[in-house]
Amino acid sequence: MNIFSMFLIGLAMSTDAFAAAIGKGIAMRKPTLKQALKIGVLFGVVEAITPMLGWLLGKAAAQVISEYDHWIALALLSLLGLHMIKEGLSPDDDKDSEVDPTQQPFFKLFLTSIATSIDAMAVGVGMAFLDVNIFVVAVIIGCSTFAAVTIGVMIGRYAGHIIGRYAEIVGGIVLIGVGIAIAAEHVGLLG
């Protein structure tokens, strides 16, 4: 996997956290940059750890299914992408309502960061079947998420919920595209 694909995965993994951060920013009404940075760090760290956990799980099973690894990566990334697209297309009233994080304990923000990073764990499982440095991927995902969440909280001061929906759709499309590229590369369609 090349560095460009890693950056695309990092961006795709940060979109659901970006969408959640916009909601947090809207709920906070006037978040400060310091608050946005703190939330960004929390989400970025969690989002960097989860693909490494998924990678460890995937490595445990790698010897059993190494012949089909690229198809597994394609399936996982496509399923995650389709789920993100579905979430982006669903009406806002189907999603959890956002509550002012300044009135929430750290634990609630942590749970939100875990919920938005489950897809990164699944990506980590898929990465276990590829020749990729999971640490580099995890750092890219964590940094992308930190930046996206910080920006998302600040955008939430001014924007409506609609921006977050489009971010999830684009992220889902990118994940599916990366999965197709991985499979195409392994079957010899890409150089």
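A cavity is a set of grid points where a 1.4 Å probe fits but cannot get out, and the legends below use the word in that sense for a predicted model.

**View 1. The largest cavity and its lining residues in the predicted model.** A search of the whole structure finds 1 cavity of 30 Å³ or more, and the largest cavity has a volume of about 30 Å³. Its lining is made up of Ala 73, Leu 76, Leu 77, Ala 122, Val 123, Gly 126, Met 127, Leu 130 and Ile 182. Helix H5 provides the largest share of this lining, with 4 residues, and helix H3 (69-89) and H5 each supply at least two residues. Sorted by class, the residues around the largest cavity are 8 nonpolar and 1 polar, with no charged residues.

**View 2. Helix H5 (residues 118-127) within the rest of the structure.** Of the 10 residues of helix H5, 7 are buried, so the helix is largely enclosed by the rest of the structure. The buried residues are Asp 119, Ala 120, Ala 122, Val 123, Gly 124, Gly 126 and Met 127. As a setting for this view, 50% of the 191 residues of the protein count as buried, and the protein has 7 helices and 0 strands.

**View 3. Gly 58 in helix H2 (residues 33-65).** Gly 58 has a relative accessibility of 2% and therefore counts as buried, the cut-off being under 20%. The C-alpha atoms of Gly 58 and Gly 126 are separated by 6.8 Å, although these two residues are 68 residues apart along the chain. When residues up to four places away in sequence are not counted, Gly 58 touches Val 125, Ala 128 and Phe 129. For the protein as a whole, among contacts between residues at least 6 apart in sequence, 94% join residues at least 24 apart.

**View 4. Ser 144 and Thr 145 in helix H6.** Where in the protein is Thr 145 placed? Thr 145 belongs to helix H6, which covers residues 134-156, and Ser 144 lies in helix H6 as well. Ser 144 is buried, with a relative accessible area of 14%, and Thr 145 counts as buried at 0% relative accessibility. A polar atom of the side chain of Ser 144 lies 2.9 Å from the backbone oxygen of Ile 140. Leaving aside neighbours within four places in sequence, Ser 144 is in contact with Gly 10, Leu 11 and Ser 14. With neighbours within four places left aside again, Thr 145 is in contact with Met 13, Ser 14, Ala 17, Phe 43, Gly 44 and Glu 47.

**View 5. The second largest pocket and the residues closest to its centre.** This pocket has a volume of about 150 Å³. It is lined by 11 residues, of which Met 1, Asn 2, Ala 181, Ile 182 and Glu 185 are the closest to its centre. Helix H7 (residues 162-186) gives the largest share of the lining of the second largest pocket, namely 5 residues. By class, this lining has 6 nonpolar, 3 polar and 2 charged residues. Ile 182 is also one of the residues that line the largest cavity in View 1.

Conventions. Residues numbered from 1 in each chain as written. Predicted model: local features only at pLDDT ≥ 70, side-chain atom pairs only at ≥ 80, totals over all residues. Heavy atoms only, no water. 1 Å grid on protein atoms, 1.4 Å probe; cavity = no way out; pocket = protein on both sides within 12 Å on 5 of 7 lines; lining within 4 Å. Points joined across faces, edges and corners; volume = space filled by probe spheres on them. Nonpolar A, V, L, I, M, F, W, Y, C, P; charged D, E, K, R; others polar. Buried < 20%, exposed > 50% of the residue type's maximum accessible area, 1.4 Å probe, protein only. Contact = heavy atoms within 4.5 Å. Polar contact = N/O pair within 3.5 Å; in protein donor to acceptor, adjacent residues only side chain to side chain.
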